[in-house]
Amino acid sequence: MFRQLIETKRIEKAPIIEVIKRQPREIILSACLRMAEQAPFYIFTAFIFAYATGTLHMSRDFILTSVLVASCLSFISIPLSGHISDLIGRKKMYLIGAATVGVFGFIYFGLIDTAVPALVFIAIVLSLIPHDMQYGPQAALIAEAFTPRLRYSGSSLGYQLASVIAGGPAPLIATALFAAYRSGYAIAIYIAACAVISLVAAAMMPDYTGQDISMEYDD
Amino acid sequence: MAIAAKFDALSASDHSAQLRKAVVAATIGTTIEWYDFFIYGTAAGLIFGKLYFPNEDPLTATLAAFGTYFIGFVGRPIGAAIFGHYGDRIGRKGTLIATLLCMGIATFLIAFVPTYATIGIWGAVILTILRMLQGIGVGGEWGGSVLLAMEWARTHGQRGLPHGRSLACHVACSCRTWRSSLSADCPAINSPPGDGASRSLCRSSWSASASGFGSAFSRRLCSGN
């Protein structure tokens with residue numbers, strides 16, 4: 001497809017500046033889109049260690065094993081979500097995923113707080129599935145939103161900005177929330193807030209599922 | 001349209017062969033990239049504090065080491081801007097290889113940064129710069145692997161074929177799941193530091209050579225742009 005850009009002489013001199021000028025909305029939406037994917041991911045895979053071992057006094061190895069089982073499950077659920085998004089549309093798939101994670105946060109901490117190993121195991125093993133429902137269609141949803149000649153610049157900027165606003169601060173925010181309220185539900189509310197942001201962003205995102213993405217969008 | 005028609009002239013079997021190659025290349029690239037990015041977290045938690053901030057108490061030293069770890073996240077949007085520019089100007093494949101090299105070289109050099117005992121605080125300064133380079137590499141890699149996989153898949157005109165665009169780039173991204181296991185593994189596990197320095201050396205050079213191998217392999221696999 002890049003060869004097409006060369007042949008049609010559609011190479012931009014300064015794609016970064018151009019994409020910020022032409023598609024700022026998609027860049028911001030891409031970053032916001034990832035709130036409900038990244039923030040819960042770091043809470044379910046990193047913060048949970050501090051929470052389960054420090055607060056609930058559970059064994060670190062047990063939590064690690066559970067997270068590893070969840071990761072193995074992701075090998076199936078990520079491509080599967082990608083595949084379903086090919087069939088029903090990425091936007092729809094993403095909206096379902098973001099809504100699921102918003103609700104799941106409460107179930108997750110409800111089960112974890114019992115400190116009953118079997119229930120904790122179930123919560124952790126299921127935890128990545130709502131994440132995968134978004135992560136599956138995400139790359140395509142973001143990358144397709146940008147016109148071919150600005151696609152690498154635009155999608156990279158949007159995607160990586162999220163690691164600054166969503167992923168990076170998530171474990172810190174979760175720790176601070178728990179310190180202030182001493183309840184897992186405070187963190188579940190934070191996850192739900194991220195889900196709302198992502199739902200709005202996803203609803204505003206253009207959907208190019210099944211369409212030709214090789215032609216410039218602004219021609 | 002004429003060009004699109006020419007492009008579509010590529011036979012269906014040639015096209016799926018290219019797509020398969022692109023997906024494999026993207027998957028290898030992503031796996032290596034994240035392995036390198038997270039191994040630093042492990043090293044930061046276990047040994048960098050002792051090696052580069054020996055005058056601080058252990059907690060401060062570990063915090064300082066994680067400070068250098070965080071710099072990697074700052075590098076990500078910068079990498080997105082730098083490699084985004086080249087990805088849209090010179091091509092997806094070449095740029096993806098460049099991001100892998102950036103990561104591989106930085107990881108390799110981290111193994112050779114002299115410790116505090118040899119050059120004082122400059123060790124930490126060089127470490128921070130190299131960590132920034134790792135972040136820049138990882139920031140550029142995502143776009144390359146996703147676009148490579150996605151732009152080779154063509155959902156339109158190929159309906160009914162179980163090889164949609166998002167499936168293609170999501171097989172490529174599935175290795176993100178490794179990330180969760182690795183990130184779970186990094187600061188959380190109390191494995192004994194042991195002979196930290198030599199272990200970090202062999203680990204990171206191993207991963208650097210894996211990076212080199214990976215980028216060469218990706219290049220061989222992916223003849224398209």
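**Figure 1. Helix H4 of chain B in the predicted model.** The 19 residues of H4(B) should span 27 Å at 1.5 Å a residue, and the end C-alpha atoms are 27 Å apart, which agrees. The model shown here and in the other views is predicted. H4(B) is mostly covered, with 14 of its 19 residues buried. This helix covers residues 92-110 and has the highest mean pLDDT among the elements of chain B, at 89.

**Figure 2. Helix H6 of chain B and its kink.** H6(B) runs over residues 122-152, which makes 31 residues. From first to last C-alpha the helix reaches 45 Å, close to the 45 Å expected at 1.5 Å a residue. Where is the kink in H6(B) centred? The kink is centred on B:Glu141 and amounts to about 25°. Of the 31 residues of H6(B), 24 are buried, so the helix is largely enclosed by the rest of the structure.

**Figure 3. Chain B as a whole.** Chain B contains 9 helices and 0 strands. From the N terminus on, its elements run α-α-α-α-α-α-α-α-α. Of its 225 residues, 52% are buried. Among the contacts in chain B with a separation of 6 or more, 83% are between residues 24 or more positions apart.

**Figure 4. Confidence along chain B.** The average pLDDT of chain B is 68, and 61% of the residues score at least 70. Over residues 1-7 of chain B the pLDDT is below 50, and this stretch has 5 contacts in the model beyond near neighbours in sequence. Residues 174-225 of chain B also stay under 50 in pLDDT. For residues 174-225 the model has 111 contacts beyond four places in sequence. Which helix of chain B has the lowest mean pLDDT among the elements of the chain? That helix is H9 (residues 196-221), with a mean of 40. Where pLDDT is low, the predicted coordinates should not be read in detail. For the complex, the predictor gives an ipTM of 0.83 and a pTM of 0.79.

**Figure 5. The largest nonpolar core.** This core has 112 residues. Which of its residues touch the most other members? They are A:Ala39, A:Ile43, A:Ile48 and A:Ile191. The largest share of the core, 19 residues, comes from helix H2 (residues 12-52) of chain B. In soluble globular proteins, nonpolar side chains tend to be buried together.

**Figure 6. Surroundings of A:Ile191.** Neighbours within four places in sequence are left aside in this view. A:Ile191 is then in contact with A:Ala39, A:Pro40 and A:Ile43, among others.

**Figure 7. Chain A as a whole.** Chain A has 10 helices and 0 strands, and read along the sequence its pattern is α-α-α-α-α-α-α-α-α-α. The radius of gyration of chain A is 19 Å, close to the 17 Å that the globule rule gives for 219 residues, so the chain is as compact as a globular protein of that length. Along the principal axes, the C-alpha trace of chain A spans about 60 × 35 × 25 Å. Of the 219 residues, 54% count as buried. Among contacts in chain A between residues at least 6 apart in sequence, 85% join residues at least 24 apart.

**Figure 8. Positive phi at A:Ala115.** A:Ala115 is not a glycine, although its phi is positive, at about 60°. The residue lies in the loop between helix H6 (90-112) and helix H7 (117-144) of chain A. Is A:Ala115 buried, partly exposed or exposed? It has 13 C-beta neighbours inside 10 Å and therefore counts as partly exposed.

**Figure 9. Positive phi at A:Arg182.** A:Arg182 has a phi near 50°, a positive value in a residue other than glycine. Its place is the loop between helix H9 (170-181) and helix H10 (184-204) of chain A. Because A:Arg182 has 9 C-beta neighbours inside 10 Å, it counts as exposed.

**Figure 10. A:His83 in helix H5 of chain A.** A:His83 is part of helix H5, which covers residues 60-88 of chain A. With 20 C-beta neighbours inside 10 Å, A:His83 counts as buried. A:Thr55 is 28 residues from A:His83 along the chain, and the C-alpha atoms of the two are separated by 39 Å.

Conventions:
Residues numbered from 1 in each chain as written. Chains lettered and ligands numbered in written order. Predicted model: local features only at pLDDT ≥ 70, side-chain atom pairs only at ≥ 80, totals over all residues. Core = buried A, V, L, I, M, F, W, Y, C linked by C-beta atoms within 7 Å. Buried ≥ 20, exposed ≤ 12 C-beta atoms within 10 Å, placed from the backbone. Helix = DSSP H or I, 4+ residues; strand = E, 2+ residues; numbered from the N terminus. Contact = placed C-beta atoms within 7 Å. Rg over C-alpha atoms; globule rule 2.2 N^0.38 Å. Expected span 1.5 Å × (residues − 1). Bend = angle between axes of the 7 residues up to and from the residue. pLDDT = per-residue confidence, 0-100.
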